[in-house]
Amino acid sequence: MTIHLEDMQVIYQHPESLLNVNTHYCPGCTHGVAHRLVAEVIDEMNLRNDCIGVASVGCSVFAYNYFDFDFIQSPHGRAPAMATGVKRVHPDKVVLTYQGDGDMISIGTAEITHAAARGENITVIFINNANYGMTGGQMAPTTLPGQKTTSSPKGRDVEQAGYPIRASEMLATLDGAGYIARRSLHDPKNIRLAKKAIRTAFETQVRGLGFSMVELLSICPTNWHLNPAASTRWLEENMLPYYPLGDYKVHPALKDLKF
Amino acid sequence: MTRELWKGNEAIAEAAVRAGLQAYFGYPITPQTEALEYLSWRLPELGRAFLQAESELGAINMVYGAACAGARTMTTTSSPGTSLMMEGLSYIAGTEVPMVLVDVVRGGPGLGNIAPAQGDYNQIVHGGGHGDYHPIVLAPASIQETIDTIYGVFDIADKYRTIGIIMVDGSIGQMMEPVTLPPMKEVRKNWPAWAASATEGKRERNVLTSIYLDPKQEEITNLRLMKTWQQIEKNEVRYKEYFMDDAKFAVVGFGSAGRVALSAVRAARAEGIPVGLFRPISLSPFPKEQIFELSQKLQGLFVVEMNSGMMLDDVMLASQGRIPVEFYGRMGGVMPFPDEILREIRLLHANGWKSEGHPRERWLAKLETIIKEEQ
């Protein structure tokens, strides 16, 4: 059988918004998946030339080395404030932050909360992997009760260290939030659902419907001391019950959106 | 050119507007709040960005974002707020983006009070934020001078891609004086080539960051910052001299302390005392060469400040021990009266200069008695 090139259709290729380079992320880490999903959505919506990204402090500090559009890099936790500054100067541009759990919901709690409360027209990609990855696996505000980390060696003791924060639920209480959803990157089906949520988040921004955030439950094989397959099972068994997936806030204007 | 009566903080705000301020982010704190209040209606009226942040941390990082995005941007605050902004200032310096900060200094440390003081000298002139960097710090002494300084500082910050800080004290923020406002400049229409303003498909992407994991790259960045600083030291020194032509000794004071000292120097001149006033306007870069020159021709330098002698250290360094230095200061929000400074000038004129010991020690011994007597 002869295959005619003109009959072939490209169904999968490297996104334009993602530079074709090696990343510094650990093997098995889902940052790569999250990056790709964001880049695919930006490509599909044709936003690359209008995008300004804000990297945070943590594993994704070098996100600007991978996304192929204008990027700035913020102090720890302050990305939503910097994004606010950018968006107020360029209201017609698309502004996103990419933040981890330590960055966003520990040191940056005030900045994210007020950005959401103001209905700041930015999109936040929030990576929740239940620990501080960059500094070597310490307890984060998202670390589960009983979860062992390098700074909770006997497991997170809620009597002493308190309870994890469910950021999506918390931010969804704010009137300024247009779209808040939690998805997971532990299997192909959920990855597809995550992409849809990311698309909805950017649609929220483009339509001027307020603050949008997608929380992505992610794995950290290196610091969890599990291989990638075991990490996805750990996420499924331990994180999903504590961090239920779902839409926590959907602006009425988004409800009939089809893409 | 009409003369109008303006309150300091509002004049600061309007001067920035006329200098082409595009985006302001701030947080209420006495004694600077009127600047925030004024801009909350003034900037939207002109279609420019105003936002009251959730904190000074939020404000400085919004400014950081706006600066990276290419806007002419500013925040105003007072001492405890400046402390909070130090993190952002270090990042802004490391990223080499221009911005303007107005610090209307109040009494400290801690929550202190809302009275005029100069206790932020060390934290803004000698750093505060981490790492090697130098902001430009200008200390005007009247509302008119503050207006003129702010009007020009945006261009200087842009020229060197650096931080421009206006350091005034609560009295300048709160009092009213007749002033002439400068004409309205046009707002920037094109974003700087380096700004993260989105490529629009017209150029290569811009990335702005302050992280250089490789120490050698970070050292190169530090070297670039220091080279820029050398240029600033060469070009941006500002000061004003009064009665210096035939002066045998000089008072050195900046901002309001310099202004109060001028009244004392005028009174001393009326008594025939050959004293002048050297008033540094640029605290950073510090007019060290000018002070060194003074140390070659004068009998002594008498430093007056509204702190415990923070600039005194710089004056002593600049004069290199060649002539005696004396100090008088009030702290914690107390402003010296011209009479207090005149009394010290008379003593120096009558009794001559001491060179043993440290001027701060002599002042402290004296101050305890003065405070007791005033109570």
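In which helix of chain A is A:Ser231 found? A:Ser231 belongs to helix H9 (residues 228-242) of chain A; helices (H or I, at least four residues) and strands (E, at least two) are DSSP runs, numbered from the N terminus. The model is predicted, so that local features need pLDDT of at least 70 and side-chain atom pairs count only at pLDDT 80 or more, whereas totals for chains, interfaces and linings use all residues. Residues are numbered from 1 along each chain as its sequence is written, chains are lettered from A and ligands numbered from 1 in the order in which they are written, and side-chain values use heavy atoms, with hydrogens and water left out.

A:Ser231 counts as buried because its relative accessibility is 0%; buried means under 20% relative accessible area, exposed over 50%, and partly exposed in between (1.4 Å probe, protein chains only). Not counting residues up to four places away in sequence, A:Ser231 touches A:Ile219, A:Pro221, A:Trp224 and A:Leu226, contact being defined as heavy atoms within 4.5 Å. A:Gly246 lies in strand E7 (residues 246-250) of chain A. With the same exclusion of residues up to four places away, A:Gly246 touches A:Ile180, A:Ala181, A:Arg182 and A:Arg183. Its C-alpha atom is separated by 17 Å from that of A:Leu257, 11 residues apart along the chain.

Chain B is divided into domain 1 (4-235) and domain 2 (239-374), with bounds that come from an automatic or database domain assignment. The centres of these domains of chain B, taken over C-alpha atoms, are separated by 29 Å. Contacts between them involve 31 residues of domain 1 of chain B and 25 residues of domain 2 of chain B.

The largest nonpolar core has 110 residues, and A:Phe211 and B:Ile345 have the most contacts inside it. A nonpolar core is a set of buried Ala, Val, Leu, Ile, Met, Phe, Trp, Tyr and Cys residues joined through side-chain atoms within 4.5 Å. Helix H3 (residues 56-68) of chain B supplies the largest share of this core, eight residues. At least three residues of the core come from each of domain 1 (4-235) and domain 2 (239-374) of chain B. Leaving aside neighbours within four places in sequence, B:Ile345 is in contact with residues including B:Phe249, B:Val251, B:Ala264 and B:Phe302. Another core, of 38 residues, lies apart from the largest one and includes A:Ala39, A:Ile125, A:Tyr179 and A:Ala194.
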